[in-house]
Amino acid sequence: MRLQEQVYLAYQEHVSSNMEANRRGALSAKDDLEHSPLWWNGVLDKTVHIPKVFDLKTVEQFREIVTTSIGIFGKVIRAYRENANYRKLFPFSKELEELILLPAHYDGALPIARLDLFYHEDTGAFQFCEINTDGTAAMLRDYELRKALIHNPAHQSVIRQFELRPFELFDTWVETFLSLYDSYPKKKEKPNVAMVDFLENATLREFEEFARRFQDVGVNCEICDIRSLRYQNGVLYSSKGNRIDAIYRRAVTADIMDHYAEVSDFLNAVRDDAVFLAGAFETQLIHTKWLFYVLHHSLTSSILTEEERAFVKEHVPLTVEFSEDYITLEEVEDRKDAFILKPMDAYASKGIYAAGREYSQKEWNALLRELYGKGYICQQYCKQYMTDNIDFAWGDGAWHPFINMPGLYTYNGKFAGVLMRMACEENIIVAHENERTAPVFMVTGQR
């Protein structure tokens, strides 16, 4: 039996044998979380009772997935920059294309990303769900949920039996960001860093944690609404009047394009190379859900190795635009359980995410007619992997199968850690609704 299976069974056995003690512990943890940074604007990131633990073999596979994926993504970005015909594969406006083609002034193609997977930990089989780039978030969830495990009797029992190690996602990113900045030709010895976003969309408590970590290494870091930046005489300033030398961009490209006229100072500073930007707009090529269509296209196949083509074929779900140019309504109606519909360029489960198997045939047909030709993609449905878990704090305190979706954090192309999202007996994880997040550990041995 693999070590990660032994750890899971140890959790399960302790909970089943000590239900009331674990229930009390979960309610104490809930109280802590409701007074933690995870409580924000009336919303709380919820958890399950058993954390997710992976062994060294699984973690090594995660590293291999990241390495292969980043290699492929780098080729896509280069092809887009160098080949006008390749650029036609992407449904981008002229304004966005212009931003994507701006130089990226750092070593590396993808400063930060999270690769969300349908991963079957019993076999190691997997397919991609989606890729997040600049808006990659939720590092704070794992950090705070781990703290709450002090109340979890099953966890306290397990760590007396096994060596568990968490992943560190804050200091590691600060180190990565500053390393990228060090490759910037116009670097300053002590840069002023700004984290920028549309702050009504921002996970501010997480921003504040990152800002503290920058300050811990002697780097000034300010949280800024991207619309408030001012560009004057070749210098970008925050609303407080502070010079900005380097930007950690959390504002996703779709939001920037939706507010294009409101962020002209920021964009002009980037165009003039007056500020270091991580990440550059070329990351949108990897963030867009249209990437999966492009990866299967013959123009992409022609620039990949035989091993990379096999990787795409096996692990990237077939994807097309949900419109008459790509697929007929009748095919999606007739093969209801084979498809899922997603907004072309959304995040945090915004818009309608619909799996055919969740609907009756009549409901599905009606939904298809509502969304056909309206900016959605139609994607191959991937089978979910489930493990039994229990939710004492927000659920019914009984065992249920939960779908598992690990997201692999990558910092400048290197595997950095895992976000584990779950949902109880569902086909789709919906942020802040059925979503649960489990803290993640790597088991390195027995005590």
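Let me start with helix 3 (residues 56-82) and helix 15 (residues 306-315), whose axes come within 11 Å and cross at roughly 105°. The model is predicted: local features need pLDDT of at least 70, side-chain atom pairs count only at pLDDT 80 or more, and totals for chains, interfaces and linings use all residues. Residues are numbered from 1 along each chain as its sequence is written, and side-chain values use heavy atoms, with hydrogens and water left out.

Helices here are DSSP runs of H or I with at least four residues, strands are runs of E with at least two, and both are numbered from the N terminus. Axes are lines fitted to C-alpha atoms, for helices over the stretch in contact, and angles run from 0 to 180 degrees between N-to-C directions. Angles under 35 degrees count as roughly parallel, over 145 as roughly antiparallel, 65 to 115 as roughly perpendicular and the rest as oblique. Helix 3 and helix 15 are therefore roughly perpendicular to each other.

Which residues meet between helix 3 and helix 15? From helix 3 they are Ile65, Thr68, Ser69, Gly71, Ile72 and Lys75, and from helix 15 Glu308, Phe311 and Val312. Contact, throughout, means heavy atoms within 4.5 Å. Sorted by class, the contact of helix 3 with helix 15 has four nonpolar, three polar and two charged residues. For those classes, Ala, Val, Leu, Ile, Met, Phe, Trp, Tyr, Cys and Pro count as nonpolar, Asp, Glu, Lys and Arg as charged, and the others, Gly among them, as polar.

Next, strand 4. Eight of the eight residues of strand 4 (residues 112-119) are buried, so the strand is largely enclosed by the rest of the structure. Buried means under 20% relative accessible area, exposed over 50%, and partly exposed in between, with a 1.4 Å probe and protein chains only. Ile112, Arg114, Asp116 and Phe118 point one way from strand 4, while Ala113, Leu115, Leu117 and Tyr119 point the other way.

Which strands pair with strand 4? Strand 19 (residues 399-411) runs antiparallel to strand 4 and is joined to it by five bridges, with alanine 113 opposite threonine 410. Strand 5 (residues 126-132) is also antiparallel to strand 4, joined by six bridges, and there isoleucine 131 is the bridge partner of leucine 115. Two strands pair if DSSP finds at least two bridges between them. Strand 4 and strand 5 form a hairpin with six residues between them, and glycine 124 in the turn has a positive phi of about 85°.

Now a separate topic, the sheet of strands 9, 10 and 11. These three strands form an open sheet in the order 9-10-11, with antiparallel pairing. Its edge strands are strand 9 (230-232) and strand 11 (243-244), each pairing on one side only. Strand 9 is antiparallel to strand 10 (residues 235-237) over three bridges, and glutamine 232 stands opposite valine 235. Helix 11 (residues 264-271) packs on this sheet, touching strand 9 and strand 10, and its direction makes about 50° with that of strand 9.

The loop between strand 9 and strand 10 holds asparagine 233. Phi of asparagine 233 is near 50°, a positive value in a residue other than glycine. Is asparagine 233 buried or exposed? At 82% relative accessibility, it counts as exposed.

Asparagine 412, in the loop between strand 19 and strand 20 (414-424), also has a positive phi, about 50°. Asparagine 412 is partly exposed, with a relative accessible area of 29%.

Asparagine 434 is buried, at 18% relative accessible area. Leaving aside neighbours within four places in sequence, asparagine 434 is in contact with Met422, Ala423, Glu426, Ile428 and Ile429.

Last, helix 9 (residues 204-216). At 1.5 Å a residue, its 13 residues should span 18 Å, and the end C-alpha atoms are 18 Å apart, which agrees; the expected span is 1.5 Å times one less than the number of residues. Among the buried residues of helix 9 are Leu204, Phe207, Phe210 and Phe214. What covers the buried residues of helix 9 includes helix 6 (139-148), helix 8 (171-182) and strand 7 (193-197). Glycine 218, which follows helix 9, has a positive phi near 80°.
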